[in-house]
Amino acid sequence: MALAVCLLFDPRTDRLIRELWARLEERGIRTLESHTHGRHLPHLSYAVLLEWDVGLVHAAMEDLPDKGGFEVSFQGTVAFPRGRAALAPAVPADVAARQEAVAAAVVEAGAVLHRHYGPGRWVPHVSLATRATGPALAVVVKEVADILPLTGAVDRAALVDSSTGRTWPLPGVP
């Protein structure tokens with residue numbers, strides 16, 4: 001699977017996203033709530049790594065300055081290939097620069113970065129559904145539209161192994 005540098009949400013935002021996952025699951029749409037090991041966290045990924053040494057990546061993240069948490073404003077739904085659907089957040093302007101610094105740091109640490117997280121290619125998103133095509137995508141869009149506008153807050157960061165759900169908290173928010 002992958003290791004990701006993830007931004008995690010404050011308890012309120014985490015709860016609201018989990019409630020959305022639950023509503024979608026009730027409608028028969030698979031979300032991160034039931035995907036693979038079922039220990040997924042609501043998150044916004046700065047970087048997804050295909051090959052890595054967790055110790056080197058963690059050290060690289062510790063070397064980056066703590067830029068602090070920030071507010072996000074969810075504006076709608078984004079649909080990706082193969083039925084992946086996500087919340088589309090608006091983020092402060094400096095967050096794109098932060099993401100590029102994280103991407104550069106993990107590559108410098110010897111990790112292989114997924115191509116969608118390279119400089120200028122990152123699309124901020126918070127994953128919802130894993131296989132929502134056709135009519136299911138319409139349900140996701142409606143459920144998201146029903147909760148908008150929605151603001152939330154990023155308050156911490158961690159490395160997350162998507163194959164196991166194991167997390168390594170980071171000392172700050174890069």
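Trainee: At what angle do helix 1 and helix 4 pack?
Mentor: Two packed helices are described by the angle between their axes and the distance between the axes. Axes are lines fitted to C-alpha atoms, for helices over the stretch in contact, with angles from 0 to 180 degrees between N-to-C directions; helices (H or I, at least four residues) and strands (E, at least two) are DSSP runs numbered from the N terminus. The axes of helix 1 (residues 11-26) and helix 4 (residues 135-147) lie 11 Å apart, and the packing angle is about 145 degrees.

Trainee: What kind of model is this?
Mentor: Residues are numbered from 1 along each chain as its sequence is written, and side-chain values use heavy atoms, with hydrogens and water left out. Local features need pLDDT of at least 70 and side-chain atom pairs count only at pLDDT 80 or more, while totals for chains, interfaces and linings use all residues; the model is predicted.

Trainee: How many charged residues are in the contact of helix 1 with helix 4?
Mentor: Contact means heavy atoms within 4.5 Å. Leu20, Arg23 and Leu24 of helix 1 meet Val139, Val140, Glu143, Val144 and Ile147 of helix 4. Ala, Val, Leu, Ile, Met, Phe, Trp, Tyr, Cys and Pro count as nonpolar, Asp, Glu, Lys and Arg as charged, and the others, Gly among them, as polar. The residues of this contact are six nonpolar, no polar and, as charged, two.

Trainee: In strand 7, which residue is the bridge partner of Val5?
Mentor: Two strands pair if DSSP finds at least two bridges between them. Strand 1 and strand 7 are antiparallel, with seven bridges. Val5 is in contact with Leu44, Tyr46 and Met61, among others beyond four places in sequence. Its bridge partner in strand 7 is Leu159.

Trainee: What is the phi of Arg82?
Mentor: Most residues other than glycine have a negative phi, and most peptide bonds are trans. Arg82 is in the loop between strand 3 (70-80) and strand 4 (84-90), two antiparallel strands joined by seven bridges. Arg82 is exposed because its relative accessibility is 69%. Although Arg82 is not a glycine, its phi is positive, at about 65 degrees.

Trainee: Is Thr130 buried or exposed?
Mentor: Thr130 is in the loop between strand 6 (126-129) and helix 4. Beyond four places in sequence, its contacts include Arg30, His35 and Arg82. Its relative accessible area is 2%, so Thr130 is buried.

Trainee: Which residue does a cis peptide bond join to Leu148?
Mentor: The bond has an omega of about 0 degrees.

Trainee: In the hairpin of strand 7 and strand 8, which residue in the turn has a positive phi?
Mentor: Strand 7 and strand 8 (residues 167-169) run antiparallel over three bridges, and Ala158 is partnered with Pro169. Five residues lie between the two strands, and the turn residue with a positive phi, about 85 degrees, is Gly165.

Technical notes: Buried means under 20% relative accessible area, exposed over 50%, partly exposed in between (1.4 Å probe, protein chains only).
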